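Subject: Structure handover

Hello,

Here is the structure for you to look over. My notes on it follow below.

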Amino acid sequence: MTADSWHEERLLIDGELVEAENGAVYENINPANESIIGSAADASRADTERAIAAARRAFDESEWAHDLDLRVRGLRQLHQALLDHRDQLADITVAEVGAPRMLLGGPQLDGPIEFVSYYADLAEKYSWTEQLGVAQTMAGPANRWVEREPVGVVAAITPWNYPNQINIAKVAPALAAGATVVLKPAPDTPWTGLALGRLIAEHTDIPAGVFNVITAADKTIGEVLTTSRDVDMVSFTGSTAVGRRIMEAGAATIKRVFLELGGKSAQIVLDDVEDIAAASALAVFGICTHGGQGCATATRLLLPRSRYEEGIEAAAALIGAISYGDPEDPSNMTGPIVNRAQLTRIDGLVRRGVEEGARVVTGGGIATQFDRGFYFQPTLLADVDNSMNIAQEEIFGPVLVAIPYDTDDDAIRIANDSIFGLSGGVSGADRERALRIARRIRTGTMSVNGGMWYGADVPFGGYKQSGIGREMGVAGFEEYLEQKALAEPSS
């Protein structure tokens, strides 16, 4: 089944699949071949305000926030609907995201589908009440306890790189907690978000208004969500620059803000590794997976100066062995960049890096062998100093920079010399040495000797300007909860 045979172009507002105001739509572009694959509803500010009002009403007036059994049932129904429509969702994801089909078994699709089941289970077994016991107070003995309640109306604003993963990682825990949601997907990937709305509307008992989806070509529509007094929390994944603006916008109403932002993660290869190619593989595969369009990707390869050229040669060979191109080809690990503007930005950053003194080992520019589509060559830049722009700015493309270091302390200093602190990795023959280094890197996640931390139960988020809070795991669930302390006299 193709994307053309099952996709949703309408908004979901207050339980109804509806057109945008005045029937407005915008084109959905396939980044692999630049074809128009269809359209999506182009929501207005009035549409967005209607979605917020529906979510507010559903939270304040329905039993959703108080009926745990209903929430668990609704999530299990959604999980089954996602499984039943997995093939259609896969076609949509390849068509509008440009995600290689070979990657759909992980965080592009199958991984997040199982997140829904995880949060249904978590909500069912979660300790919603915590007893604190009796204490002597100024008013006499009191029995005290804490109850956890949903935060309220959540605006979930998501990017285009892994839309199923990020949409579900926000929506599932928010719904499990009893919050109501307005989801605003990225303009480049509307169908994955709208599909989620359609499945909830048609295949679950989740009440009208609890979940709403708006899509819009105009990125400023998000300002309606971030400034509305009826929105209690903004959950945002995207660039650090936009995250700063969301914090500013939400300050007027003191909104709770969850931010998962940019990264410039370092993969540290220690001088005692036996196989330097295997030690560099995590960084290489990261920048070659889905065109390097991942916030947690290790894009700085830190190599010991004593083995620097050996490491460069090994990384270049790995990059050269990875095929890229049409995402429908199951042999391709890297597909297109999401749009022409992003492709041009990547090219400009690489050119600037070369001007600053970086050496192009492999790749280095826009892939010219394709007649259509937004493709960039998987690229390795060597002789990079960590002060260069190419080592400090998030590229969000298939570009790896190699940086030499002298000592363990020097590697740690370079890895931490960034405004970001999202992820990273270290590889070495001495496990305790590798762990000591990993614990000194100020990031939210670290891979040691190739270990993979990704999972529904693992909290994900960053230090410094990589964000605030955690997504996934129990911590990600509790982002959507408030705590209320209660007390009564005790005889």
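**Strand β16 and its partners**

Leu303 has Pro404 in β16 as its bridge partner. This is a predicted model, in which local features need pLDDT of at least 70 and side-chain atom pairs count only at pLDDT 80 or more, while totals for chains, interfaces and linings use all residues. Residues are numbered from 1 along each chain as its sequence is written, and side-chain values use heavy atoms, with hydrogens and water left out.

Strand β13 (residues 298-304) pairs with β16 in the parallel sense, over five bridges. Pairing requires at least two bridges found by DSSP between the strands. Helices (H or I, at least four residues) and strands (E, at least two) are DSSP runs, numbered from the N terminus. Strand β15 (residues 379-382) also pairs with β16 in the parallel sense, over three bridges. There, Thr379 stands opposite Val399.

Is β16 (residues 399-405) mostly covered or mostly open? Mostly covered: seven of its seven residues are buried. Buried means under 20% relative accessible area, exposed over 50%, partly exposed in between (1.4 Å probe, protein chains only). One side carries Val399, Val401, Ile403 and Tyr405; the other carries Leu400, Ala402 and Pro404.

**The three-stranded sheet**

An open sheet has the order β5-β6-β22, with antiparallel pairing. β5 and β22 (481-489) are at the edges with a single partner strand each, so one side of each has no neighbour in the sheet. Neighbouring strands are turned by 25° against each other on average, direction ignored. Axes are lines fitted to C-alpha atoms, for helices over the stretch in contact; angles run from 0 to 180 degrees between N-to-C directions.

Eight bridges join β5 (residues 129-137) to β6 (residues 140-150). The two form a hairpin with two residues between them. Ala135 stands opposite Ala142, and Thr129 is partnered with Glu147.

**Helices**

α3 and α6 (residues 190-203) pack at about 160°, with axes 9 Å apart. They are therefore roughly antiparallel (angles under 35 degrees count as roughly parallel, over 145 as roughly antiparallel, 65 to 115 as roughly perpendicular, the rest as oblique). Leu89, Ile92, Thr93 and Glu96 of α3 make the contact with Pro190, Trp191, Thr192, Ala195 and Leu199 of α6. Contact means heavy atoms within 4.5 Å.

α4 (residues 110-125) has buried residues including Phe115, Tyr119 and Leu122. The buried residues of α4 pack against α2 (68-84), α3 (86-97), α5 (163-177) and α15 (473-478).

Best wishes
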